[in-house]
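Thanks for sending this one over. Here are some notes to read with the model open beside you.

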Amino acid sequence: MGPDVHFDWDPGTGRLGLADAIRDAIRKGRLSHGAVLPSTRALASDLGIARGTVTRIYADLTAEGYVHSRQGAPTTVAADVPRPSPPPHARSGPGAPRWDLRPGQPDLSAFPRDDWASATRRVLQHTPASLFGYGDRLGVARLRESLASYLARSRGVVADPQRIVVCGGFSHAVSLLTTALRELGETDIAFENPSLYRFRDIAKAAGARVIPVPVDDEGIDVSSVDSPAVVVTPAHHFPLGVTLAPGRRTALAKWASASGAFVLEDDYDGEFRFDRTPVGALQTLAPERVAYAGTVSKTLAPGLRLGWLVLPRVLVEPVRAALEWQGWRAPVIEQLTFAELLDSGAYGRHIRRRRASYRKRRDLLLATFPDAVAKHDIPAGLQLLLRLPPSGPREEDVLAAAARHSLGLEALGPHWMTPCDHPQGIVVGYTTPPEHAYTGALSALRTVLAEAGGAGRHP
Ligand SMILES: Cc1ncc(COP(=O)(O)O)c(C=O)c1O
């Protein structure tokens, strides 16, 4: 056996809990680079569990990049373990940076307050009091109908109200789907590598084992997917910015149909394509295998916490059960107000105005850093990856310079799931600042990159 290591493990949490305890010991540095883990036999006998359980945990940790294992050699802690999710930084109030180019938010100062206020007034005037009760667990019927026709029209989604669930954004969609799949006996969920770390953490917290799948210039490598479920961003990969190539879209839909696996399609910014009509949703190709998810977090405001799932029919009841356990229902007045916005055309008008503004911002960003953007990054969405050249600067140099200039930036690093020498980059959220602060934020970025030791030029 290797060293005598104590893991903070509660046997009631089972195999997943023990895996977490070992990850935790590595992340917190109690087991540092090169440290030898106990042999599977020794750990199993120490903890009074089956050796096969420990073998499986070590295999998972190897796949995730925490440890190295080789036939006949002891299992050791890897050099560059996956970083813990960064702590959230203040977006407003004390501690918020002067300039903010972190991804994840639309321009909140453009929230359509007047449209929202008049839609709310109409809802309050015309809705019978009986609708203000608990209502349908899956969401208010009127919103599910409005969403069905909006999504069919705008994204080609095969949507009937019976398979639509209104939820609290994509974060909630991930926890609902993970819970529903666990109920069906499936715990493995594949995620694109890289992908937004926050959703992987949510899936893990809901009991999933998260499996990394590589992404290249054509999107997720479909031939490497081998899990009962996979989460993808096909219209515009987060954070690399590529779109899923047509051949791979078809291959993914075919694979899901043939294997009986589920795909969770995160269509977080599908409304924002700047050069052409957006490609339709992947869900159209396999509506009984693809759960389509959308959100108002990029179109209106994340603070509304409103999103939707269009589900394969077999998942509707398991998701309803997950909603019951969570004791969750979307707020009725907000749902009705959003339906009013959709039906009145105000939502469509707002999106068209935002699209025009964001397109100009993206163009300006590209003009400022013309060589830092890879050719496969499509003109779409709310964020753009500035790729740092191999000669430097490195992400940490850029973040340190950004802190000195009170510029909020996010590195590509935390989005990777596995250690190794990944390309370096900064994920620029060009929609975050209000209009008047955008050029100031860009010049802060120019200063920061120059100070960090490079102009963000692509090799
Ligand atoms: C890749 C991606 N998907 C989805 C979302 C939306 O998440 P939510 O609807 O929980 O706000 C975001 C927001 O940052 C995102 O970056």
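**Notes on helix packing, the ligand shell and backbone geometry**

1. Let me begin with a helix pair: helix α4 (residues 113–126) and helix α10 (residues 332–344) have axes that come within 9 Å and cross at roughly 115°. Angles from 65 to 115 degrees count as roughly perpendicular, and α4 and α10 are therefore roughly perpendicular to each other. The handedness of the α4 and α10 crossing is right-handed. Please keep in mind throughout that this is a predicted model.

2. How are α11 and α13 placed relative to each other? Helix α11 (residues 346–368) packs with helix α13 (residues 438–452) at an angle of about 25°, and their axes are 11 Å apart. Since angles under 35 degrees count as roughly parallel, α11 and α13 are therefore roughly parallel to each other. Their crossing is right-handed.

3. The next pair leads on to the ligand. α6 packs with helix α9 (residues 313–326) at an angle of about 110°, the axes lying 8 Å apart. That makes α6 roughly perpendicular to α9. If you look at the handedness, the crossing of α6 and α9 is right-handed.

4. For T295, an N or O atom of the side chain is 2.8 Å from an oxygen atom of the ligand. R305 has a polar side-chain atom that lies 2.9 Å from an oxygen atom of the ligand. In the side chain of R198, an N or O atom is 3.4 Å from an oxygen atom of the ligand. How much of the ligand does the protein bury? Taken alone, the ligand exposes 400 Å², and the protein buries 96% of that.

5. Most residues other than glycine have a negative phi. R305 sits in the loop between β10 (290–295) and β11 (307–310), and the R305 side chain is the one with a polar atom 2.9 Å from a ligand oxygen atom.

6. Finally, two peptide bonds to check if you prepare the model for your own calculations. Most peptide bonds are trans. The bond from F238 to P239, however, is cis, with omega near 5°, and P239 is in the loop between β8 (229–232) and α8 (246–259). The bond from G392 to P393 is cis as well, with omega near 5°; P393 is found in the loop between β12 (383–388) and α12 (395–404).

How values were computed. Residues are numbered from 1 along each chain as its sequence is written. This is a predicted model: local features need pLDDT of at least 70, side-chain atom pairs count only at pLDDT 80 or more; totals for chains, interfaces and linings use all residues. Side-chain values use heavy atoms; hydrogens and water are left out. A polar contact is a pair of N or O atoms within 3.5 Å; within protein, one must be able to donate a hydrogen and the other to accept it, and residues adjacent in sequence count only if both atoms are side-chain atoms. Accessible areas come from the Shrake-Rupley method with a 1.4 Å probe; for residues, only the protein chains shown count as cover. Axes are lines fitted to C-alpha atoms, for helices over the stretch in contact, and angles run from 0 to 180 degrees between N-to-C directions. Helices (H or I, at least four residues) and strands (E, at least two) are DSSP runs, numbered from the N terminus. Angles under 35 degrees count as roughly parallel, over 145 as roughly antiparallel, 65 to 115 as roughly perpendicular and the rest as oblique. A crossing is left-handed if the near helix is turned anticlockwise from the far one by less than a right angle, and right-handed if clockwise.
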